[in-house]
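The text below goes with the sequence and the structure shown here.

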Amino acid sequence: MLAVLTIKTMRMKYAKLLFVLLIVLATSCYYDKEEILYPESANCTVPAISTFSGTVLPLLNNRCNNCHAGSSPSGGIALDTHSNVMKYVNDGSLMGSVNFASGYSAMPKNSGKMSACDIQKIQSWIDSGALNN
Ligand code: HEC
């Protein structure tokens, strides 16, 4: 009788253990997915000095310049050189649009917002003088 009971309790324990294990596995999968979806938000490294050529222009080329470069850039707004970009740094529309701020057209148009980390990198370049570096 006692032996049967012990076996039953052991089965229960195994069942519980399996249950816990399944939850742990399910949760770890969830986190894996989040890291794949948002790789930078999980671990944002803003360089000590964000430069125009090394940091900002590659981000713009990647997310904006399929529309904002070339012979007829969208809205007449070119973001392909330092002097072109400075116009929109100075009037506030660059950061207004990437931050989806009210009063500005949300950019990139018809696409996902830039990651918080990338926005921070551009802001840090502006904060350190928006140099042509
Ligand atoms: C699919 C094309 C497309 C992409 C990609 C795109 N834009 Fe635009 N952008 C436009 C068009 C069209 C306009 C003008 C009409 C409007 O304001 O919606 C515009 C307008 C703007 C303006 C002026 C907004 C204002 O409120 O005055 C800024 C600044 C700008 N874009 C910056 C960016 C930046 C920065 C990115 C990348 C993060 C980007 N755009 C990506 C098409 C695009």
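**The ligand and its surroundings**

In this predicted model, the side chain of S105 has an N or O atom 2.6 Å from an oxygen atom of the ligand. For H68, an N or O atom of the side chain is 2.7 Å from a nitrogen atom of the ligand.

The ligand is surrounded by 19 residues, and the closest of them are C64, C67, H68, M107 and K109. Sorted by class, this shell holds 10 nonpolar, seven polar and two charged residues. Helix α5, which covers residues 93–98, contributes the most to the shell, with four residues. The space that the ligand takes up is the largest pocket.

The ligand also contains an iron atom, and the protein supplies donors to it: NE2 of H68 and SD of M107, at 2.0 to 2.2 Å. Why is the arrangement around the iron atom octahedral? The six donor atoms subtend angles of 85 to 178°, and this makes the arrangement octahedral. H68 belongs to the loop between α3 (52–63) and α4 (82–90), while M107 belongs to the loop between α5 and α6 (116–127), so the pair ties together parts that are 39 residues apart in sequence.

Definitions and conventions. Residues numbered from 1 in each chain as written. Predicted model: local features only at pLDDT ≥ 70, side-chain atom pairs only at ≥ 80, totals over all residues. Heavy atoms only, no water. Near = heavy atom within 4 Å. Polar contact = N/O pair within 3.5 Å; in protein donor to acceptor, adjacent residues only side chain to side chain. 1 Å grid on protein atoms, 1.4 Å probe; cavity = no way out; pocket = protein on both sides within 12 Å on 5 of 7 lines; lining within 4 Å. Sits in = over half its atoms within 2 Å of the grid points. Helix = DSSP H or I, 4+ residues; strand = E, 2+ residues; numbered from the N terminus. Nonpolar A, V, L, I, M, F, W, Y, C, P; charged D, E, K, R; others polar. Donors = N, O, S within 2.8 Å, 3.2 Å for Na, K, Ca; no water. Tetrahedral: all angles 85-135°; square planar, octahedral: opposite > 155°, others 65-115°.
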